Amino acid sequence: MEPRAPLTLRAPDDHLIHCSRPPYPGAPRQIQVRDFCRHVHALAAALPEQRYCINLCENRYWFMVSFCAVIVRGQCNLLPQNRAEGTQAWLLETYPDSYLLSDHGLESAAAEVFRADRANTHSESTQIPDIPLDQQVALAFTSGSTGQPSPNLKTWRTFFESTRINATHMLDTTGEQHYALATVPPQHMWGLETSVLMPLQARLCVSDEKPLFPQDIARRLAALPAPRLLISTPVHLRALVRSGLSFPKTERILCATAPLDEALAAEVERVFEGTLVEVFGCSEVGSMARRETARETLWTRFDGIDFSSNTQDDGTRQWQASAAHLPAAQVLQDAIELHGEHQFRLTGRATDMIEIAGKRGSLSALNQLLMQVPGVIDGAIFMPEKHTGTTRPVALFELEPDCSKDAVLAALARHLDPVFLPRPCIVVDAMPREDNGKLRHARLLEALAQHRQRSTEH
Amino acid sequence: MADQSPAQREMAELLVDALNLEDISAAEIDPQAALFGDDLGLDSIDALEIALAISQKYQVQMQAEDENTRNAFATLASLTEFVEANRA
């Protein structure tokens with residue numbers, strides 16, 4: 001018989017999800033494991049007969065039920081890296097045996113949308129399903145440097161084992177149930193690992209909401225019983241600290257997706273009267289290491305994750321992460337300096353990858369996309385000289401006479417997460433190429449400086 | 001140039017400053033154009049920046065779960081009106 005592991009390790013009457021409003025008529029606000037399993041069985045039976053599901057649910061309860069129902073039905077979740085319509089169309093075309101699933105009035109020009117909230121919610125069975133460990137349960141997409149998203153295969157073994165490791169390293173040692181709020185979407189690996197998978201194994205009851213503004217986050221946290229846990233990113237945490245609002249005591253704050261600085265980490269701990277744990281990871285591997293950034297500069301790797309390196313033809317060192325639960329070793333985009341057996345320092349990133357508001361993209365992929373836009377004769381997308389975690393890339397391009405800057409932006413928006421849309425877009429008569437055709441970064445920066453100069457004079 | 005009231009112009013300047021909108025000047029923002037989506041193409045990171053700038057300048061807190069806030073983010077005109085109505 002094939003090896004299996006349960007969908008959840010929680011007890012039937014444990015609280016799994018704290019809902020802002022009952023998700024269906026007659027449902028309680030705090031969903032217990034038994035209610036959850038009942039809904040999962042009902043939805044699994046109602047899903048369309050296809051191989052892949054593109055889960056676009058915005059509410060975390062609906063995402064979680066649908067994500068699990070897809071697995072129980074023996075299907076596979078496709079987790080796109082953004083919500084752009086072009087990405088959905090690409091997925092539907094690349095995986096013809098797939099359907100869109102949503103919990104709200106989402107319209108798609110690309111295909112019909114299966115509405116999870118309109119399907120049956122009740123089943124007689126409250127049994128906790130066992131999932132084959134080798135079942136492909138998700139494909140998590142990351143921006144590949146070729147311009148096409150690249151799929152990262154996740155088996156139930158990967159999720160089951162990595163979640164056990166994550167819970168050991170991310171939660172405290174009190175053994176108490178925490179009430180969690182996440183400001184990140186469940187489709188993103190960081191949100192998936194912490195706000196969807198972790199409650200299925202560890203003592204977490206997660207809120208179904210995804211608040212954005214500081215005031216909303218304060219109110220949602222206050223609505224949760226103590227002890228509390230906040231799952232967030234540096235962009236959101238910076239906004240929370242800057243808002244000057246007071247927040248309910250939050251015992252633990254988990255932060256990932258982009259580097260956090262020590263000063264902000266200390267501020268967050270002061271404002272929330274809790275411990276901030278920063279996590280290092282990537283979509284290909286998942287979470288790999290942690291540090292208490294207010295007090296530690298070195299990262300401590302999780303048990304079960306190993307790093308190794310080899311020297312490339314050009315003399316640079318390439319790092320890989322491997323683990324028993326991963327199908328293969330994964331090349332990392334970061335350079336690492338080991339300190340002893342368990343600790344390391346991050347020393348840089350591969351230059352093609354950019355990170356904006358915690359989302360990772362490839363500059364060469366952005367450039368390929370730009371060159372595919374009809375009407376663009378020549379052009380480049382690049383990062384300005386000084387940039388923070390939310391600085392947008394800049395585009396410089398030469399256009400056909402009948403093409404406009406807005407048309408180029410609209411074409412890019414069909415395929416990109418909004419944070420990667422260039423700002424500003426500068427139209428030039430000719431790209432500042434050298435005689436040999438090369439486009440040097442310095443010349444692009446000069447063109448940007450000239451544009452800024454003109455804007456201030458104007 | 002768009003036809004703006006003095007309060008709208010002040011809000012437009014706050015937007016351009018908070019978001020480093022280099023492609024457009026404050027005077028060019030049409031009070032009725034959609035801030036998010038097609039016209040100006042702002043996103044949720046921008047919404048967060050705008051909410052912070054507004055709370056710092058006018059002591060008005062934006063809340064997404066409040067329908068008035070969601071409507072307020074529609075255009076420059078509605079955002080200005082919302083802040084005027086809610087400032088201390």
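How many Å separate the centres of domain 1 of chain A and domain 2 of chain A, taken over C-alpha atoms? In this predicted model, the separation of those two centres is 32 Å.

**View 1. The two domains of chain A and the contact between them.** Chain A is divided into domain 1, which covers 4-349, and domain 2, which covers 354-457. The contact between these domains brings together 16 residues of domain 1 of chain A and 16 residues of domain 2 of chain A. On the side of domain 1 that touches domain 2, the elements giving two or more residues are helix H3 (85-94), strand E9 (136-143) and helix H7 (234-243) of chain A. The largest share of that side of domain 1 comes from H3(A), which supplies three residues. By residue class, the side of domain 1 of chain A that touches domain 2 of chain A holds eleven polar residues, four nonpolar residues and one charged residue.

**View 2. The contact between chain A and chain B.** Here 21 residues from chain A meet 16 residues from chain B. On the side of chain A that touches chain B, two or more residues are given by each of helix H6 (214-223), H7, helix H10 (405-413) and helix H11 (441-457) of chain A. H7(A) gives the most to this side of chain A, with four residues, and H7(A) is also among the elements that give two or more residues to the side of domain 1 that touches domain 2. The side of chain A that touches chain B divides into 13 nonpolar, four polar and four charged residues.

**View 3. Strand E2 of chain A and the two strands with which it pairs.** Strand E2 (residues 15-18) of chain A pairs in the antiparallel sense with strand E3 (residues 30-32) of chain A, over three bridges. Within this pairing, A:His18 has A:Gln30 of E3(A) as its bridge partner. E2(A) also pairs in the parallel sense with strand E12 (residues 204-207) of chain A, over two bridges, and in that pairing A:Ile17 stands opposite A:Val206 of E12(A).

**View 4. Confidence along chain B and for the model as a whole.** Chain B has a mean pLDDT of 85, and 90% of its residues reach 70 or more. Within chain B, confidence is lowest in helix H3 (residues 67-72) of chain B, where the mean is 77, and highest in helix H4 (residues 76-86) of chain B, where the mean is 92. The predicted model scores ipTM 0.74 and pTM 0.84.

Terms used: Residues numbered from 1 in each chain as written. Chains lettered and ligands numbered in written order. Predicted model: local features only at pLDDT ≥ 70, side-chain atom pairs only at ≥ 80, totals over all residues. Pairing = 2+ DSSP bridges. pLDDT = per-residue confidence, 0-100. Domains from an automatic or database assignment. Contact = placed C-beta atoms within 7 Å. Nonpolar A, V, L, I, M, F, W, Y, C, P; charged D, E, K, R; others polar.
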